[in-house]
Number of protein chains: 2
Amino acid sequence: MSDAASRPIGVFDSGIGGLTVVAELMRQLPGEEIVYFGDTARLPYGPKSEDTVKQFAVQDTEFLLSHGVKIVVVACNTASSVAVDDLTRRYDLPVTGVIAPGALAAVSSTLIGKVGVIGTEGTIASHAYRREIGKLDRDIEILEMSCPLFVPLAEEGWTDREVTLVIAHEYLTPLRDAGIDVVVLGCTHYPILKGTIGKVFGPSVKLIDSAEETAREVAERLSSLGLARGPGAPPEHRFFVSDVPHRFREQAERFLGAPLPNVSLVTVDELATP
Amino acid sequence: MSDAASRPIGVFDSGIGGLTVVAELMRQLPGEEIVYFGDTARLPYGPKSEDTVKQFAVQDTEFLLSHGVKIVVVACNTASSVAVDDLTRRYDLPVTGVIAPGALAAVSSTLIGKVGVIGTEGTIASHAYRREIGKLDRDIEILEMSCPLFVPLAEEGWTDREVTLVIAHEYLTPLRDAGIDVVVLGCTHYPILKGTIGKVFGPSVKLIDSAEETAREVAERLSSLGLARGPGAPPEHRFFVSDVPHRFREQAERFLGAPLPNVSLVTVDELATP
């Protein structure tokens, strides 16, 4: 195993949603070490402008680089939609977002060429999935819908409440009635609401979980670049956040699907713009 | 009129919620000029830690001071609950938060000595209203409830939807059943949801709108300090934000209750910590 291969995978997100990607990385790549940075002091990125999100993404990446990561995973749909190309140009290491893997899975899965995409206002307004799916197959019809209440509902832990189902119907019925057969969960929070979202669409619509697809993409890139970590000591993951919000631990565990290890605090002032 | 009196009122908030306070200032003090700063790049402050919010509040205040304001209004419950004392010590000008005026109104209004307080998780966890009400009358019984979905519902503009009423019942029924006769709307977003909140509590519970109470407090302080602006040219308000989020104009107008004047952008990098 090369020195480079023994280095950790770096993952950042605006907050804790990216922990659904970490959970999938841990499941699919159990030997890899992960350094996670959640920019909880400045979350959410969703409603913020492109320039602001780009600036934050550079600062988040610099932080991960200071921990010697071998690949950067942008585990945030908003940042992926506006900053992955920029980061790829700027840094000499692989950068993976969550958009391209989700788009690829959608294109492979649709049988009728009619795909739904749901996400935050920022992601939907950026049309990042539309662009990415269009690159792969320009004949696919794409219907987009922003669902601003899904993130707070997921963070509140109201995953199985009746009111969440009512809100899901409100947002998703137009997509369902349009006859899509695949829907991309274009926000790292949404896997938490998969059950409710699935109830609205029914079994004939396939849900694409971008956390799963992203972890698969990371595994492939590491393998093809000779950067997959070989056997060795069990990995010691490290988690950093720029703030420890109320109920952070409880919410984070819900997203990670496992008890949260120790978390270290990084102040916003320590996040330098190069 | 002294030079000092002709200077503007400074108002800051984590985002646009503070515009409900601006609307009240404009109504109660139509001759005063207002400089507003909304820290939309880093909103919301609600779920963030005390130290982070204190640091942001100092930066926001410094920005207003650079525009020569005569009083600083912290039009954000989270920042009011943790930073007003700190700002008052640090700066040589009057600083008013939204907590003390709301607490005073609650104490004056309750007939049975049983008061409800609703707000974001940050405000409720800080027990700022409990502390402030306790200072005025230690015999008052206080029931607190955080309502994390109210802010996104207000920003989504879902003020009159059935689902909003269902969520309001979920949060507020325990308070109503406990027999309070006054409830403090401890978040600048909540006046937007007054109708729905009032439906849950019914006519026997008085709703305290902290925007209204804060504007009254500002009027009194300016008058007693000889800082009230005399007759002159009509005021020219100025609005600054640290980011222009999607749907900003539409949401801001809903909070201000009037078309939004020109808004200038201030980048986070320009916000210096002294």
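Modeller: A polar contact is a pair of N or O atoms within 3.5 Å; within protein, one must be able to donate a hydrogen and the other to accept it, and residues adjacent in sequence count only if both atoms are side-chain atoms. Across the interface of domain 1 of chain A and domain 2 of chain A, the rule finds ten residue pairs in polar contact, both residues at pLDDT 80 or more.

Colleague: What should I know about the model and its numbering?

Modeller: This is a predicted model, where local features need pLDDT of at least 70, side-chain atom pairs count only at pLDDT 80 or more, and totals for chains, interfaces and linings use all residues. Residues are numbered from 1 along each chain as its sequence is written, chains are lettered from A and ligands numbered from 1 in the order in which they are written, and side-chain values use heavy atoms, with hydrogens and water left out.

Colleague: Where do the domains of chain A run?

Modeller: Domain bounds come from an automatic or database domain assignment. In chain A, domain 1 covers 9-97 + 213-270, and domain 2 covers 100-210. Their C-alpha centres lie 22 Å apart. Contact means heavy atoms within 4.5 Å. By that rule, domain 1 of chain A gives 21 residues and domain 2 of chain A gives 23 residues.

Colleague: How much area do domain 1 and domain 2 of chain A bury between them?

Modeller: Buried area is the accessible area (1.4 Å probe) that two parts lose on being put together, summed over both. Domain 1 of chain A and domain 2 of chain A bury about 1,600 Å² between them, 53% of it on carbon and sulfur atoms. On the side of domain 1, A:N77, A:E213 and A:R254 lose the most area to domain 2 of chain A, together 36% of what that side buries.

Colleague: Which elements give two or more residues to that side of domain 1 of chain A?

Modeller: Helices (H or I, at least four residues) and strands (E, at least two) are DSSP runs, numbered from the N terminus. Here the elements are helix 1 (19-28), helix 3 (77-90), helix 10 (210-224) and helix 11 (248-256) of chain A. The residues on this side divide into five nonpolar, eleven polar and five charged. In that sorting, Ala, Val, Leu, Ile, Met, Phe, Trp, Tyr, Cys and Pro count as nonpolar, Asp, Glu, Lys and Arg as charged, and the others, Gly among them, as polar.

Colleague: How many salt bridges cross the interface of chain A and chain B?

Modeller: Side chains of opposite charge can pair when their charged atoms come close. The rule asks for a side-chain nitrogen of Lys or Arg within 4 Å of a carboxyl oxygen of Asp or Glu. Two salt bridges cross between chain A and chain B. One of them joins A:R161 to B:E170, the closest N and O atoms being 2.1 Å apart. By contrast, zero salt bridges cross between domain 1 and domain 2 of chain A.

Colleague: What else describes the interface of chain A and chain B?

Modeller: Twelve residue pairs are in polar contact across it, both residues at pLDDT 80 or more. Helix 2 (50-65), helix 5 (121-126), helix 7 (150-156) and helix 8 (162-177) of chain A each supply at least two residues. Helix 8 of chain A gives the most, with five residues. This side of chain A divides into 17 nonpolar, nine polar and nine charged residues. The contact takes 35 residues from chain A and 35 residues from chain B. The two chains bury about 2,700 Å² between them, 58% of it on carbon and sulfur atoms.

Colleague: What rotation superposes chain A on chain B?

Modeller: Copies are superposed by least squares on the C-alpha atoms of residues with pLDDT of at least 70 in both. A rotation of 180° with 0.0 Å of shift along its axis superposes chain A on chain B (RMSD 0.0 Å). The two copies are therefore related as by a two-fold rotation axis. In chain A, the C-alpha nearest the axis belongs to A:R42, 2.4 Å from it.

Colleague: Which side chain meets A:R42 in a salt bridge?

Modeller: A:D60 does, at 3.9 Å, N to O. A:D60 lies in helix 2 of chain A and A:R42 in the loop between strand 2 (34-38) and helix 2, so the pair ties together parts 18 residues apart in sequence. A:P44 sits in the loop between strand 2 and helix 2 of chain A. The peptide bond from A:L43 to A:P44 is cis, with omega near -10°.
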